[in-house]
Amino acid sequence: MKNKQKTQPTKKRIFTYYLILAACLLVIAAITVGVVFAVKPVNSDNPTIDSGTTDDTNPPVKDPDDEEPTVDTSSKYELIAPVKSVVVSQAHVFWHNQTLDIYHLHEGMDFKCAAGTDVLAAVDGTVTRVYTDHRLYGATVEIEHADGVKTVYKFIEPNESLKAGATVNRGDVIGKVAAATGVENADGDHLHFEVYKNSKPQDPDVYLKLLSK
């Protein structure tokens with residue numbers, strides 16, 4: 001009876017066996033996890049991009065202020081000079097205003113012509129404002145056109161029938177050149193012509209091509 005008790009494993013030895021088995025299982029599990037992660041495919045939601053190619057889905061955004069104004073060159077939208085006899089006396093440049101005796105940017109283009117000369121609409125549009133007693137520029141007419149373009153005519157005598165909301169076509173007579181007055185009085189009789197794109201002053205020659213031909 002005593003010999004049978006000696007050959008049976010003790011509780012301590014059985015516990016040791018289980019501990020060794022658990023350790024082996026942990027080692028096997030660790031090896032399996034390592035293999036799985038080593039062969040895991042690349043996530044398709046984050047593909048790598050070849051450095052030699054560009055991603056056209058997100059092109060760089062350009063600042064509109066850095067772009068040159070574009071002009072529709074179709075015959076319907078092409079601007080014409082606002083007077084028939086073209087004599088440019090002052091371009092869109094930094095200049096000396098003799099009347100005010102100051103230097104500043106001349107935001108427009110001056111056409112030298114006698115008082116009474118017909119003033120023409122440069123292109124099709126809608127009259128938005130007609131000033132008849134502007135203290136600095138005498139009478140002034142503003143016309144809105146396509147693509148955010150606006151033309152302004154200063155030192156003129158508008159037609160009496162010309163009112164805000166009126167539609168004009170390119171070449172229509174909208175008034176006559178007035179006698180020299182206001183902030184450019186020293187320059188003599190002339191039409192002061194301005195062009196705006198999205199409310200920003202532009203060089204009229206970009207549209208008229210009178211000096212850059």
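Trainee: Which residues does I174 touch, not counting residues up to four places away in sequence?

Mentor: In this predicted model, I174 touches V119, A121, V141, I143, Y153, P158, N159, L162 and V168. Touching here means a contact, that is, heavy atoms within 4.5 Å. Residues are numbered from 1 along each chain as its sequence is written, and side-chain values use heavy atoms, with hydrogens and water left out. As the model is predicted, local features need pLDDT of at least 70 and side-chain atom pairs count only at pLDDT 80 or more, while totals for chains, interfaces and linings use all residues.

Trainee: What is the average pLDDT of the chain, and where is confidence lowest and highest?

Mentor: The average is 76, and 62% of the residues score at least 70; pLDDT is the predictor's confidence in each residue, from 0 to 100. Confidence is lowest in helix α1 (residues 2–7), with a mean of 48, and highest in strand β5 (residues 118–120), at 97. Where pLDDT is low, the predicted coordinates should not be read in detail.

Trainee: What makes a run of residues a helix or a strand?

Mentor: Both are DSSP runs, numbered from the N terminus: a helix is H or I with at least four residues, and a strand is E with at least two.

Trainee: With which strands does β7 pair, and in what sense?

Mentor: Strand β7 (residues 138–144) pairs in the antiparallel sense with β6 (residues 125–134) over six bridges. The pairing of β7 with β8 (residues 149–158) is likewise antiparallel, over six bridges. Two strands pair if DSSP finds at least two bridges between them, so six bridges meet the requirement in each case. Within these pairings, H134 stands opposite G138, and T140 stands opposite K154.

Trainee: How many residues join these strands in their hairpins?

Mentor: Three residues lead from β6 to β7, and four lie between β7 and β8. In the turn between β7 and β8, D147 has a positive phi of about 60°.

Trainee: Why is H190 called buried?

Mentor: A residue is buried under 20% relative accessible area, exposed over 50%, and partly exposed in between (1.4 Å probe, protein chains only). H190 has a relative accessible area of 3%, and therefore counts as buried. H190 belongs to strand β11, and a polar atom of its side chain lies 2.7 Å from the backbone oxygen of G188.

Trainee: What makes the pair D118 and K176 a salt bridge?

Mentor: A salt bridge requires a side-chain nitrogen of Lys or Arg within 4 Å of a carboxyl oxygen of Asp or Glu. The N to O distance between the side chains of D118 and K176 is 2.6 Å, so the pair qualifies. D118 in strand β5 and K176 in strand β10 are 58 residues apart. D118, at 28% relative accessibility, is partly exposed, as is K176, at 37%.

Trainee: How many salt bridges does the structure hold?

Mentor: The structure holds three. In one of them, the closest N and O atoms of K150 and E142 are 3.8 Å apart; K150, at 18% relative accessibility, is buried, and so is E142, at 12%. Another joins the side chains of E194 and K154 at 3.2 Å, N to O. E194 lies in β11 and K154 in β8, so this pair ties together parts 40 residues apart in sequence.

Trainee: What makes a set of residues a nonpolar core, and how many residues has the largest one?

Mentor: A nonpolar core consists of buried Ala, Val, Leu, Ile, Met, Phe, Trp, Tyr and Cys residues joined through side-chain atoms within 4.5 Å. The largest has 26 residues, and Y153 and I174 have the most contacts inside it. Among the elements giving it two or more residues are β7, β8 and β11 (190–197). In soluble globular proteins, nonpolar side chains tend to be buried together.

Terms used:
A polar contact is a pair of N or O atoms within 3.5 Å; within protein, one must be able to donate a hydrogen and the other to accept it, and residues adjacent in sequence count only if both atoms are side-chain atoms.
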